[in-house]
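Trainee: I would like to go through this structure feature by feature. Please give the general idea where there is one, then the case at hand.

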Amino acid sequence: LYVEHPLGEGQTIPLTREQAHYLFGVMRLNISDAVSLFNGRDGEWRAEVAEAGKRNGSLRVDMRTRRLQMPPDLWLMFAPIKKARTDFIVEKATEMGAARICPVQTDFTNAERIRQDRLQAHAIEAAEQCGGTYVPEVCELQRLDRMLPGWPEDRQLMFCDESLVGAAKTLGKAQGEKWAILIGPEGGFSDAERQRLHSLPFAHAVSLGPRILRADTAAVAAMTVWQQALGD
Ligand code: SAM
């Protein structure tokens with residue numbers, strides 16, 4: 001179960017109405033039953049039910065069962081598409097161990113806004129589901145052309161596009177490097193964006209195969225190649 005509170009031995013964690021409903025209404029837990037907790041910062045802790053009500057309750061934290069496992073430092077940048085597909089990308093990026101998920105506005109991106117809080121909640125749910133101890137940060141929507149000037153010196157950018165170079169080949173030569181993956185929108189990148197990206201020393205155009213993948217498929221494919229080449 002994900003909680004916002006700091007976790008430490010002997011702490012009492014009050015439950016929200018939704019959490020109480022889930023633990024006592026859906027999972028049918030009772031006083032003294034064990035619950036596994038994480039908050040994305042302090043690792044995984046064992047707790048037990050101290051109070052159980054229909055709409056509230058509390059847990060008492062007992063001992064740490066796992067240290068925080070930071071994922072490798074991968075960013076996934078993608079142009080948001082339809083709601084369900086964007087949700088899918090956030091869920092899969094969390095499962096694949098992205099450290100940061102950045103929705104970006106490109107020239108052909110239709111979305112003007114995203115619900116960052118909703119996407120962050122999806123990342124929390126996905127982390128709960130896959131047994132992670134870390135929750136990736138979902139960033140606010142930013143314009144790609146504003147992100148590039150301040151690009152961090154120690155990070156490479158793999159932009160997925162038509163290219164003669166396969167993603168695995170590019171990553172295979174980059175052990176020890178930090179990476180960000182960039183996936184374009186349904187309409188792909190504009191000529192101006194392509195030109196700009198090709199001119200940047202840290203940006204590498206890569207192919208994900210001969211067929212045009214939907215953006216959500218491309219995101220999963222790119223993270224899978226990265227996982228095989230550089231993940232742990
Ligand atoms: N009509 C668009 C074009 O010609 O670029 C297709 C865009 S595709 C639906 C959405 C995004 O997925 C692309 O911008 C790219 O980032 C990624 N993508 C899809 N298939 C790919 C492939 N075979 N290789 C590399 N990237 C791909």
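Trainee: Which domains does the domain assignment give?

Mentor: This is a predicted model. The assignment places domain 1 at 12–66 and domain 2 at 74–230.

Trainee: How should I read helix packing, and at what angle do α2 and α3 pack?

Mentor: A pair of packed helices is described by the angle between their axes and the distance between the axes. Here helix α2 (residues 83–95) packs on helix α3 (residues 116–129) at about 40°, and 8 Å separate the axes. Angles under 35 degrees would count as roughly parallel; α2 and α3 are therefore oblique to each other. The crossing of α2 past α3 is right-handed.

Trainee: Which residues of α2 and α3 meet?

Mentor: From α2 there are Asp-87, Val-90, Glu-91, Thr-94 and Glu-95, and they meet Leu-119, His-122, Ala-123, Ala-126 and Ala-127 of α3. By class, this contact has 5 nonpolar, 2 polar and 3 charged residues.

Trainee: How are α2 and α7 oriented, roughly parallel or oblique?

Mentor: The angle between α2 and helix α7 (residues 215–230) is about 10°, with the axes 9 Å apart. The two helices α2 and α7 are therefore roughly parallel to each other. On the α2 side the contact uses Arg-85, Phe-88, Ile-89, Lys-92 and Ala-93; on the α7 side, Asp-216, Ala-219, Val-220 and Met-223. These residues divide into 6 nonpolar, no polar and 3 charged.

Trainee: Which residues come nearest to the ligand?

Mentor: Cys-160, Gly-184, Gly-188, Leu-208 and Ala-218 come nearest, out of 17 residues around the ligand. The shell divides into 8 nonpolar, 5 polar and 4 charged residues.

Conventions
Residues numbered from 1 in each chain as written. Predicted model: local features only at pLDDT ≥ 70, side-chain atom pairs only at ≥ 80, totals over all residues. Domains from an automatic or database assignment. Axes fitted to C-alpha atoms, helices over the stretch in contact; angles between N-to-C directions. Helix = DSSP H or I, 4+ residues; strand = E, 2+ residues; numbered from the N terminus. Parallel < 35°, antiparallel > 145°, perpendicular 65-115°, else oblique. Left-handed = near helix turned anticlockwise from the far one by under 90°. Contact = placed C-beta atoms within 7 Å. Nonpolar A, V, L, I, M, F, W, Y, C, P; charged D, E, K, R; others polar. Near = placed C-beta within 6 Å.
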